[in-house]
Amino acid sequence: TLRSVLTEEETFTVLQNISDSNSFVAASLWCFEEMTMAAATFAKRLIGSRSSSTTATSVARAFCSSTTPITATMFPGDGIGPEIAESVKQVFTTAGVPINWEEHYVSAEIDPRTQSFLTWESLESVRRNKVGLKGPMATPIGKGHRSLNLTLRKELNLYANVRPCYSLPGYKTRYDDVNLITIRENTEGEYSGLEHQVVRGVVESLKIITRQASLRVAEYAFHYAKTHGRERVSAIHKANIMQKTDGLFLKCCREVAEKYPEITYEEVVIDNCCMMLVKNPALFDVLVMPNLYGDIISDLCAGLVGGLGLTPSCNIGEDGVALAEAVHGSAPDIAGKNLANPTALLLSGVMMLRHLKLNEQAEQIHSAIINTIAEGKYRTADLGGSSTTTDFTKAILTHSSIFLPSSMKSFSPKEKLVTAFMGGFTSQLVKEISIEECVKEAGCYASNVVLQRFGCI
Amino acid sequence: MLWCDMEASLNLLNLGLGRMVITKFCSERIAKYAFEYAYLNNRKKVTAVHKANIMKLADGLFLESCREVAKKYPGITYNEIIVDNCCMQLVAKPEQFDVMVTPNLYGNLVANTAAGIAGGTGVMPGGNVGADHAVFEQGASAGNVGKDSIVRKNKANPVALLLSSAMMLRHLQFPSFADRLETAVKRVISEGKCRTKDLGGQSTTQEVVDAVIAKLE
């Protein structure tokens, strides 16, 4: 161990450097691994007369969160799903997000209660927890069952699909000023699934637009715009041709718009919308659309900022249910190889946190992800880099200097270091878990990165 | 695909019903036109754009027709792409597409997206072809269509319609005239001296037209 190699002074210098670079969480974890109780004594000596008991009390308050943990459902999914779900769990734990995950997997057999590979228990879990995170699910090929996504949508009554699309600084595409949200009606429209053959060679497909569904999604769009400080909502349609269907959709949007006079409302024909998006995407703010246009436009916008691997998404259901999901595929060709990009699932997790009003942690994690991608040193293969999933995750954790309760931000490096030690020990005492579990819970791999950075291993 | 021209309002104002119709006859017809066009214009690939994973019967019928026609043109590569993926690919890597054949609604979106990427409503030509007649007009339906203010200020871009008329000349079997017109227009654009507002310049409509005439050989 380091203790045997460095003198006390040298060790302190290393620790000082680490804490100055603000990776003190990593530092404390490193110290746990290497020095355990000796570190606490060491730290106590460093700060001299400061009483350890008061520090311990303040730390106990800072580290031991008084909020009751929230239970959320997690569907890791298939293919690369489990790997990226692991990333999310690590990042959330290190950021101190008070979430306990209930994991559910797609079963290999059809559950007769749901007529699908999704079990009744998993659906009940989402209904109970009201919030969930879903990885990519591959619909098994075959007949006689509904697609998994369709099952989720119908059973949980997920009526709005929300996708924020913004240019990621540091990942360059042809468009660098994109900052829009697409809100898509998710239950009806052209995807009602009502098709039939009239005569041989003639097929008819029904498109249904109801007042209730259109009002519901318009309400959500304006509510979202208001709560996220957005200024404009654009309804996308083809009502000049489809007067009765898209016309009804527009009428409902207009009704809701009247209730939000501070938000500008406009209507844009789908042709113009496509043209404007590829010529000047900064013209748009919030877009609300029926099902088919929403499908196409939200994917188009994802393409503007870098593809589905970076796009978060959240499905909103009745009674405040929110199921965030990564919309990319399960990529079976790179599954299990530690090559997948967890960004989409992480950003979707951030959306979930915002829905839960855990805005501080959401902002912390979001900044960490953005900064890591902007820095450009750790990028997965799909972004043109060569990092593994685990490297990228580690980079996010050690990159952020703000994974700490805001009350501690004004502490000096020495104080931070001591607090980290004491906090770690206090939470160990409070939770009555072993050092190993404490370290494991917070992600001890971070300490390895710190050691590497200073050339110790 | 008839464009939802049969609509009904049921239950007063609470339900809008639209019907999309796809027929084998029309799908075959457009697929044949696409492949024939590709063949005559030395195009290498035809891509069918669809949403058959959701609209299994309707777009399924469309795809079936395309596949049947594709068999008769073994020299031309044929592939299929789902419309949402297609739009994403268009904005990221448009060079992968050659000839695209689509049903009515998707075609509208794809044409406008592609036109936007290539330069906008003001430059992209287009045409509508039937068994007995053909009408040529600008390719993208978005934007300045019918905007009086642009007409009054003489800022409209004539390039789209000029290129469309070149397409018409080609259709009428006057390839040399078509070539001359197209070359002149392309030269004017590439020189960059005479451009209307939508291309970032200051010229009026008439100035662009004069420049094209000057370049005609």
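Predicted model: local features only at pLDDT ≥ 70, side-chain atom pairs only at ≥ 80, totals over all residues.
Visitor: How many helices and strands does chain A have, and what share of its residues is buried?

Guide: Chain A has 17 helices and 12 strands. Of its 457 residues, 54% count as buried. Among contacts in chain A between residues at least 6 apart in sequence, 74% join residues at least 24 apart.

Visitor: Why is A:S298 called buried?

Guide: The relative accessibility of A:S298 is 1%. Buried means under 20%, so A:S298 counts as buried. This residue, A:S298, belongs to helix α11 (residues 291–305) of chain A. Residues up to four places away in sequence being set aside, A:S298 touches A:R163, A:T182 and A:Y293.

Visitor: Which backbone oxygens lie by a polar atom of the side chain of A:S298, and what makes these pairs polar contacts?

Guide: The backbone oxygen of A:G294 lies 2.6 Å from a polar atom of the A:S298 side chain. For the backbone oxygen of A:D295, the distance to a polar atom of that side chain is 3.2 Å. A polar contact requires N or O atoms within 3.5 Å, and the values 2.6 Å and 3.2 Å meet that distance limit.

Visitor: What makes A:R163 and A:D299 a salt bridge?

Guide: The side chains of A:R163 and A:D299 meet at 2.8 Å, N to O. The cut-off is 4 Å between a side-chain nitrogen of Lys or Arg and a carboxyl oxygen of Asp or Glu, and therefore the pair qualifies.

Visitor: Are A:R163 and A:D299 buried or exposed?

Guide: A:R163 has a relative accessible area of 5% and is therefore buried. At 7% relative accessibility, A:D299 also counts as buried. Leaving aside neighbours within four places in sequence, A:D299 is in contact with A:R163 and A:L308, and with B:D84, B:N85 and B:M88 of chain B.

Visitor: Why are A:R127 and A:E124 called partly exposed?

Guide: Partly exposed residues fall between the buried limit of 20% and the exposed limit of 50%. A:R127 is at 26% relative accessibility and so counts as partly exposed; A:E124, at 28%, is likewise partly exposed. The two form a salt bridge whose closest N and O atoms are 2.7 Å apart. Both A:R127 and A:E124 lie in helix α6 (residues 120–129) of chain A, 3 residues apart, about one turn of the helix.

Visitor: What makes B:E191 and B:K215 a salt bridge, and where do they lie?

Guide: The N to O distance between the side chains of B:E191 and B:K215 is 3.1 Å, and the limit is 4 Å, so the pair counts as a salt bridge. B:E191 is in helix α7 (residues 175–191) of chain B and B:K215 in helix α8 (residues 205–215), 24 residues apart. B:E191 is partly exposed at 43% relative accessibility, and B:K215 is partly exposed at 24%.

Visitor: How many salt bridges cross the interface of chain B and chain A, and which residues form a network?

Guide: There are 2 salt bridges across this interface. B:K51 forms a salt bridge with A:D295, the closest N and O atoms being 2.6 Å apart; this value is within the 4 Å cut-off. A:R184, A:D295, B:K51 and B:D84 are linked in a network of salt bridges. Over all chains, the structure holds 32 salt bridges.

Visitor: What is the buried area between chain B and chain A, and how many residues take part in the contact?

Guide: The two chains bury about 3,900 Å² between them, with 65% of it on carbon and sulfur atoms. The contact takes 50 residues from chain B and 44 residues from chain A. Between the chains, 14 residue pairs are in polar contact, both residues being at pLDDT 80 or more. By class, the side of chain B that touches chain A has 27 nonpolar, 15 polar and 8 charged residues.

Visitor: How do you know that strand β7 of chain A and β2(B) pair?

Guide: Strand β7 (residues 202–210) of chain A and β2(B) share 9 bridges in the antiparallel sense. Pairing requires at least two bridges, so these strands count as paired. Within this pairing, A:V203 stands opposite B:I22 in β2(B).

Notes. Residues numbered from 1 in each chain as written. Chains lettered and ligands numbered in written order. Heavy atoms only, no water. Helix = DSSP H or I, 4+ residues; strand = E, 2+ residues; numbered from the N terminus. Buried < 20%, exposed > 50% of the residue type's maximum accessible area, 1.4 Å probe, protein only. Polar contact = N/O pair within 3.5 Å; in protein donor to acceptor, adjacent residues only side chain to side chain. Contact = heavy atoms within 4.5 Å. Buried area = accessible area lost by both parts, 1.4 Å probe. Nonpolar A, V, L, I, M, F, W, Y, C, P; charged D, E, K, R; others polar.
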